[in-house]
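Dear colleague,

I am handing over the structure we spoke about, and I would be glad if you could look through it alongside the notes below.

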Amino acid sequence: MVTFLPRLPGRLADVPSFDRAIGGAESNVACTLARTGHTTRWISRVGTDGFGDHLLAAIADCGVDVGHVRRDPLRPTGVYFRTAGDRATGAHEVAYYRAGSAASAMTADGLDPAALRAGRILHLSGITAALSADCLGLLRELTTRCPGRPLLSFDVNYRPGLWRDTARARVLLDLARGADLVFVGDDEARDAWGLHGPRAIRRALPEPQLLVVKQGRAGATVFRRTGEPGGHRDDGTGTATFVPALTVDLVAATGAGDAFAAGFLSATLRGLPDRDRLRHGHLWAAAALTVPGDLATPPSRPYADRLAALDDTAWERLRLAPGWTDADTSGHRADEEVPTQ
C-alpha cells in the first residue's frame, strides 16, 4: 500500500497534511533484507494507477525484484492513513482504503508457482488473509505443507481493524500451524486467541520448527522443536531462548515488527544461532523505532554482528537514539562504544 504519514501529531480529523511513503508488511521485510545485501523478490498486485507506479519504483529502488508483481487495470492500489502516535495507545488511528484493491484480488491461480518456490524462504503475513476470501484461500494453499516448498515464514500481524469478529481471527492460528517459522506478539496472541504468555502460545503452536514470541519492551523468546540444534533451555515445549529488548529513544513504533522479522530472517539465512537471530531482530527493530516512517535502513552487517556479539551486560546497557545506524567518517558508528545510562 501507499502510506500517508502525518506531518503533525494529532487526530486524523485535525492533521492538515501528510507525506507519502510505502507500506505493507511483506514489502517492508523484502526492502529491509535487500538493503543488507540479500536477494529478495516481492510478489503482489497493484493497480495501473500512479500509486502503483510509485510503489513499484520505490520498492525496486531498495533492490527488490518486482518482476512478478501483477498490474490490475480494474482495481486501485490500496492506501492508508495513520496518526503519528504509537499503535499500542488508544489515541492511535489508522484509516485503511483497500476494500476492492488490486491486492485483495490475489489468488493462488494468479501467481507463478516457480516464483514462489525459488527462494530459500517464503515470507507471508496474516494481514493478507484478512483482505478477502480469495486472499484467505491463497494463504491456506501456501501454508499447506508439501514437498519441495521453501522454509515458510509467517508473521501473524493481527490487526483488530481488519478482523471485526475476533472469532474469525482464529483462522490465523490455523495458518500459523502450517508454517515452519512463526512470528507473533504476546499481545496479539492474547487479543486474537485468548492465549497468555509465551509457553501457552507454544503449546497452542507446537507444529512450527521455530516460534518467535515478541514480548514488547521486555524482549523476545524463540522456541525450537526439541531435537534440533540451536536452543538453550528445555521447558517442556521444546528449547527456548530469550533475549531482552534494547533501550531505544522512540520516534515511531510502526514498522518495527517487520524490521524485527527481517533481522531474524537475515540471521536465519546466515545460519546464526538463536540468540544472535533474536539480537539481529532487536537491532533491526531499533532502526525502525528511531525513524518516523515504516521503513528504515538497517545497520550494516559488520556493525550489527559486532553489537550482537556483545556480552549480556553490555547488550543490556545499550541505548540507541535516532541516527545510530549512520556511519561516521572513519567507517565506525557513533555509539559503537556502547552508550547508555
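Predicted model: local features only at pLDDT ≥ 70, side-chain atom pairs only at ≥ 80, totals over all residues.

Residues are numbered from 1 along each chain as its sequence is written, and side-chain values use heavy atoms, with hydrogens and water left out.

Searching the whole structure gives 16 salt bridges, the term standing for a side-chain nitrogen of Lys or Arg within 4 Å of a carboxyl oxygen of Asp or Glu. Helices (H or I, at least four residues) and strands (E, at least two) are DSSP runs, numbered from the N terminus.

One of these pairs is Arg45 with Asp72, whose closest N and O atoms are 2.6 Å apart. This pair links distant parts of the chain, since Arg45 belongs to strand E3 (residues 45-47) and Asp72 to strand E4 (residues 70-72), 27 residues apart. Both Arg45 and Asp72 are buried, where buried means under 20% relative accessible area, exposed over 50%, and partly exposed in between (1.4 Å probe, protein chains only). Arg45 and Asp72 are also linked with Arg75 in a network of salt bridges.

A further salt bridge joins Arg149 and Asp180, with 3.3 Å between the closest N and O atoms. Here too the pair links distant parts of the chain, 31 residues apart: Arg149 is in the loop between helix H5 (133-142) and strand E8 (151-155), and Asp180 is in the loop between helix H6 (171-177) and strand E9 (181-185). Arg149 counts as buried because its relative accessible area is 17%, and Asp180 is buried with a value of 17%.

In helix H10, Arg279 meets Asp312 of helix H12 (residues 312-317), the two being 33 residues apart, in a salt bridge of 3.0 Å, N to O. Arg279 is buried at 2% relative accessibility, whereas Asp312 is partly exposed at 49% relative accessible area.

Arg275 also lies in helix H10 (residues 274-289), and is partly exposed, with a relative accessible area of 24%. Its side chain reaches the backbone oxygen of Ala308 at 3.1 Å. Between Arg275 and Pro299 there are 18 Å in space, C-alpha to C-alpha, and they stand 24 residues apart in sequence.

Methods
Polar contact = N/O pair within 3.5 Å; in protein donor to acceptor, adjacent residues only side chain to side chain.
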